[in-house]
Amino acid sequence: MKKWLSLFVVALFVLVLSACTATKDAGEKAPETNTEKEGEEKETVVETETEKVLTLNNGNEPTSFDPSVAFDAVSWNALNNIMEGLVRLSKDHLAEPATAEKIDVAEDGLTYTFTIREDAKWSNGDPVLASDFVYGWLHMLSPETASPAAFLAYFIDGAEAYNSGEGAAEDVAIKALEEKVFEVKLNAPTEAFLNIITNPSFFPVNEKVATENATWFTEADTFVGNGPFKLTTWEHDVSFTFAKNENYWDADTVKLDKVEWAMINDSNTEYQMYETGELDVSGVPAELADQLMDSPELKNEDQAGLYFYRFNVSQEPFTNKKIRQAFALAVDQQEIVEFVTKNGEKPAEGFIPYGFVGPDGKEFRETAGKLVGFDAEKAKTLLAEGMAEEGYTDLPEVTLTYSTSDTHKKIAEALQSKFKEVLAVDVTLQNVEASVFATEQKEFKYQLSRSSFLFDYADPVNALESFITGSSMNRTTWSNAEFDKLIADIKNETDEAKRWEMLIQADTLLMAEMPIFPVHYYNQVILEKPTVSGIVRHPVGYMDLKWADKE
Amino acid sequence: MGKYIVKRFIMMIATILIIASLTFVLMHLIPGSPFDGERTTNPTIQANLEKFYKLDQPLHIQYLSYLKSIVTFDFGPSIKKPNESVNELLARGFPISFELGMATILVALLSGIILGTIASLRHNGLVDYFAMTFAVVGISVPNFVLATLLIQQLAVKWDLLPAATWSSPLHMILPIIALATGPTAIIARLTRSSMLEVLTQDYIKMARAKGLSPARIIVRHALRNALMPVVTILGTMLAGILTGTFVIERIFAIPGMGKYFVESINNRDYPVIMGTTVFYSAFLVFMLFIVDIAYGLLDPRIKLHRKEGDA
């Protein structure tokens with residue numbers, strides 16, 4: 001008994017002791033870091049007049065800073081500022097020469113020749129060479145890299161073959177003609193080519209650095225970029241920092257000295273840190289959207305993409321066009337953005353969102369007009385007609401499926417009540433976990449299901465071609481020969497005006513056939529401190545801090 | 001005792017293997033793939049990705065390489081973060097979760113036991129009611145509600161403490177309070193009820209009759225026996241808290257490993273699911289083992305080899 005007792009006491013003692021040392025350690029460590037921090041802060045205080053530090057939140061650890069590996073905003077919003085491609089999106093969202101100073105396009109629209117700036121340099125001082133682009137692009141296309149963004153480069157001759165493992169790297173039509181001259185050959189004229197290569201997956205990779213160290217992009221010490229900023233620190237899962245890149249060819253334009261990125265995943269915490277002044281920019285937590293919508297610090301900008309619903313045209317009753325139209329016209333887009341999502345979105349009037357300007361200088365959406373919108377009377381008539389055509393006395397049961405999330409649920413319920421109110425149809429709601437949802441939608445298991453689209457590059461064809469027969473993005477089983485031909489023609493048309501005309505036709509046809517119905521276009525709602533200016537957010541593309549400033 | 005430990009150790013390995021195999025089966029039973037999202041991946045690219053992660057191989061080969069990865073404790077690269085191995089993710093996240101968890105457990109254990117003991121000594125008194133009201137509130141208020149409240153009041157309104165992130169001891173205070181309240185309440189209730197039971201036992205009366213000081217009776221005689229149920233739950237509690245908590249780490253932007261448990265499953269990030277599950281189950285099984293040993297230390301009547309005979 002006594003022995004056990006003493007053992008217990010000893011054990012307890014050890015526990016207490018270790019606890020004490022643990023806290024002591026923490027206590028000792030803490031002041032150190034504190035003083036360091038204070039030191040840093042003091043420095044910044046001393047230099048306040050000159051130092052401009054912007055604090056942002058990246059939400060999460062970037063997937064990868066290898067330009068070929070990640071395919072998400074969490075990596076590319078940052079990467080877009082520490083690297084630069086041949087072209088860069090301007091403040092007006094147009095592709096402009098960047099690392100390249102001169103771009104020559106051959107008459108057939110297939111061959112592009114880029115002359116790289118003499119003063120284009122890497123952050124380590126190396127000159128940016130045409131061979132760095134060849135290296136970077138082939139790295140993206142290599143099947144071993146397994147880049148999810150590689151399909152963007154399929155416009156280049158030989159690219160798809162190489163990426164699928166059937167062709168060789170030498171057959172990809174990209175070449176360094178001279179040290180600073182880079183040539184690309186496409187397999188078809190592509191209007192949007194310059195816009196496509198603003199995408200981070202087309203950034204160059206410093207060949208010398210990458211061959212010496214295959215994991216150069218994983219730490220701040222080894223990272224070499226060529227953007228307006230350079231990566232100075234990167235504490236994984238915690239934060240990373242940018243400093244102005246003195247080697248950048250246009251360094252005079254860059255006003256900020258430093259950018260500090262936190263990784264706060266929770267939108268409420270992010271907003272609270274914005275409130276306490278620890279962040280300069282924040283998103284809007286869903287619960288506060290209502291009260292923050294009128295805040296003078298709020299910015300509402302277009303994002304090219306939309307929220308929509310897919311019919312399965314192989315499952316009754318949506319095999320009938322009129323019944324599809326009836327369901328679509330029963331949906332009140334305006335009501336949904338005003339009372340359900342309440343996030344300042346624009347209601348959808350066709351498949352292509354705002355922000356695409358044609359050769360005539362007019363918005364695509366304006367020329368195409370309002371192709372879909374709430375019309376209760378017409379919806380009722382169409383449903384009656386469609387049911388007569390099919391010989392239904394009762395409409396087959398309809399189940400609406402969405403992936404589990406609060407917003408999706410709210411919209412699904414709004415649709416359900418509208419179908420009931422306008423068409424007197426009872427629709428069953430079903431929610432499915434997101435990843436299962438994605439798989440099953442692809443397998444055409446749902447009758448009516450939610451979906452969304454975000455543009456990869458700024459050309460309406462990017463969205464429209466989803467619906468050609470057999471496309472992996474189709475997911476409706478819809479197939480229409482006229483539409484397929486239209487898209488094929490669009491891809492081969494070199495006359496801009498004609499092409500634009502056909503794009504509008506395609507949007508109109510899609511909305512008439514109604515294999516899908518659009519709900520609302522996406523937007524970016526951001527809170528930004530009044531002292532911050534010049535952060536550019538593109539409808540298609542990633543955040544740009546090149547022109548950003550802070551008072 | 002030695003024989004018992006060896007036997008338990010073999011059992012532990014078997015348990016982990018069973019858990020791991022079940023996880024593998026379940027993981028591949030749920031529909032969905034790591035590459036599925038709103039954007040349907042181009043078939044060529046999907047093939048490249050599957051090849052990269054060796055998901056194109058038949059399931060039994062995948063299972064074998066999976067078992068191998070458990071034995072060598074090398075789970076390969078994460079699918080969502082291709083530049084990092086699961087080992088790196090765990091090695092980075094676990095120490096932080098462990099630090100937060102250890103502090104939380106210490107706070108919860110000390111305050112819970114003290115609160116419970118005092119409550120039992122002042123049975124049905126004001127202190128008792130106060131402590132038990134606290135316990136009920138502590139158990140019923142979810143920690144994420146408490147966390148948000150704490151940030152809103154102490155950080156945003158009063159500006160006393162930083163709202164989030166993990167960089168100094170000051171930053172640790174709010175998450176520890178938010179995380180420790182629940183366990184504190186549970187420990188306090190357990191301690192109180194078993195103290196009440198123990199205090200009526202004959203040997204306590206005997207000790208009193210002998211004229212021992214009340215402090216000595218409580219600490220050396222009563223509390224020691226009363227702590228058995230606390231030790232029982234401590235094993236699972238430790239494993240749960242030390243390996244990170246998804247919600248609290250998310251709210252306070254603490255870079256621990258809690259998020260990987262949830263995110264890996266949402267993303268179908270197979271290597272990370274494997275890594276976290278095996279790590280957690282190994283940790284849990286080990287904690288339960290420690291608890292069994294601790295029983296013997298606390299209560300000499302529990303003889304480990306006899307227990308072995310029972311089983």
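Biologist: What should I know about the model before we start?

Modeller: The model is predicted, so local features need pLDDT of at least 70 and side-chain atom pairs count only at pLDDT 80 or more, while totals for chains, interfaces and linings use all residues. Residues are numbered from 1 along each chain as its sequence is written, chains are lettered from A and ligands numbered from 1 in the order written, and side-chain values use heavy atoms, leaving out hydrogens and water.

Biologist: Why are S8(A) and S9(A) called paired?

Modeller: Strands (DSSP runs of E, at least two residues, numbered from the N terminus) pair if DSSP finds at least two bridges between them. Six bridges join S8(A) to S9(A), residues 239–244, so the two are paired, and they run antiparallel. A:Trp234 stands opposite A:Phe240 in S9(A).

Biologist: What makes S1 and S8 of chain A edge strands?

Modeller: The open, mixed sheet has the order S1-S10-S9-S8, and strands S1 (53–57) and S8 (229–235) each pair on one side only.

Biologist: How do you know how much area domain 1 and domain 2 of chain A bury between them?

Modeller: Buried area is the accessible area (1.4 Å probe) that two parts lose on being put together, summed over both. For domain 1 (63–216) and domain 2 (301–524), bounds taken from an automatic or database assignment, that is about 810 Å², 58% of it on carbon and sulfur atoms. A:Pro189, A:Glu191 and A:Asn195 supply 51% of the area that domain 1 buries there, more than any other three residues.

Biologist: How many salt bridges cross this interface?

Modeller: Zero, by the rule, which asks for a side-chain nitrogen of Lys or Arg within 4 Å of a carboxyl oxygen of Asp or Glu.

How values were computed:
Helix = DSSP H or I, 4+ residues; strand = E, 2+ residues; numbered from the N terminus.
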